[in-house]
Amino acid sequence: MTDSHRPSGEYPMYPSYGNGEAAYPPPPAYEPAQQNAGAPDWPAPEPAPERRVKRPFALLAAVAIAAAAVGGGTATLLGELADGGTAGSASGGVVSGTTVSQSSAGTVSGVAAAVAPAIVEISAKSSAGDATGSGVVITSDGEIVTNNHVISGASQIEVALSTGRTYTADVVGTDPDKDLALIKLQDASGLKTASLGDSSAVEVGDQVVAIGSPEGLTGTVTSGIVSALDRDVTVAKDDDSSGQGQQQQQGSGNWPFEFGGQQFNGDTGTSKTTYKALQTDASLNPGNSGGALINMNGEIIGINSAMYSPSSSSASGSSAAGSVGLGFAIPVDTVKADLDTLRAGDGS
């Protein structure tokens with residue numbers, strides 16, 4: 001055997017066949033790399049290519065997570081970023097609100113809760129007797145719109161708020177031709193006021209709420225729709241029609257009212273006036289006069305003024321019949337156009 005030139009112990013020695021020749025297979029013709037501890041294998045393997053996420057997709061993924069946590073608007077925000085745009089910053093402005101709470105908007109209960117504090121009960125005393133009507137507070141210091149026939153000829157006027165507090169009121173101005181009056185509370189401040197709407201925008205079929213004090217039942221709420229527009233309604237103009245203008249609200253007297261050429265609930269007398277009115281099927285009864293007809297946004301669109309009743313109490317001596325779904329209100333645009341005249345007392 002011949003001695004191997006390879007260092008002993010590096011590679012296994014192959015046994016000979018006895019003739020001096022090395023066993024098969026022969027050792028490799030080159031020296032492998034040293035297997036020193038910590039040395040890399042030879043030839044060294046190429047490193048695996050680093051996986052890189054494209055930046056736009058990473059940004060979209062982050063935005064998607066954030067938007068999902070916030071809530072609405074996710075699709076819009078992602079769409080803007082994907083198109084290369086930049087999403088605008090959220091606005092920190094104050095949102096305009098309404099007196100009707102969001103959860104109750106468009107409901108009778110929501111409208112009633114919002115507007116009822118601005119509706120009052122009016123008690124008028126005169127030589128003809130006592131009358132009970134309603135009114136709408138329009139200024140925080142106590143200006144109240146009502147019907148002329150509610151306070152006509154009154155020697156003393158008492159007003160009760162929805163809280164039960166009472167005030168004495170003075171007549172500021174009246175307009176008998178439009179059956180409107182303006183009174184003002186003495187020493188009042190900080191009162192809840194009603195918002196006057198736009199009756200020109202009212203349409204047949206619109207839902208409405210009526211609030212008043214029928215038969216002295218303070219804060220009564222009824223609801224219905226607008227049944228017709230521009231109805232010609234005739235009512236007593238002053239208290240000189242046999243005192244009926246003042247007795248109408250007691251329930252023991254008459255409520256003079258004329259419609260379609262016929263008279264109901266007593267004679268309107270020789271002194272009467274006709275005006276264009278909104279017709280509603282919201283229930284109105286004696287005592288609702290001067291109260292509010294309200295849209296579902298909580299805005300006043302009319303001042304309730306008359307009702308139709310097919311029976312005449314003057315013939316039987318009984319109290320006036322109740323509502324049959326034909327009520328009438330003075331449009332609020334008429335009220336707003338007449339306010340300066342009422343405040344000046346020119347229509348008295």
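Two strands are taken to pair if DSSP finds at least two bridges between them, and strands (E, at least two residues) and helices (H or I, at least four) are DSSP runs numbered from the N terminus. The model is predicted, with local features requiring pLDDT of at least 70 and side-chain atom pairs pLDDT 80 or more, whereas totals for chains, interfaces and linings use all residues. Residues are numbered from 1 along each chain as its sequence is written, and side-chain values use heavy atoms, leaving out hydrogens and water.

**View A. Strand β14 and its partner β15.** Strand β15 (residues 327-331) runs antiparallel to β14 and is joined to it by five bridges, with Ile330 of β15 as the bridge partner of Ile303.

View B. Three bridges pair β13 (residues 292-294) with β14 in the antiparallel sense, and Ala292 has Ile303 as its bridge partner in β14. Four residues lie between the strands of this hairpin, where Gly298 takes a positive phi near 80 degrees. Strand β7 (residues 195-196), in contrast, runs parallel to β14 through two bridges, and Leu196 is partnered by Ile300.

**View C. The largest nonpolar core.** A nonpolar core is a set of buried Ala, Val, Leu, Ile, Met, Phe, Trp, Tyr and Cys residues joined through side-chain atoms within 4.5 Å. Of the 30 residues in the largest one, Val115, Val136, Val145 and Ile300 touch the most other members, while helix α7 (residues 332-344) gives the most to this core, with four residues.

How values were computed
Buried means under 20% relative accessible area, exposed over 50%, partly exposed in between (1.4 Å probe, protein chains only).
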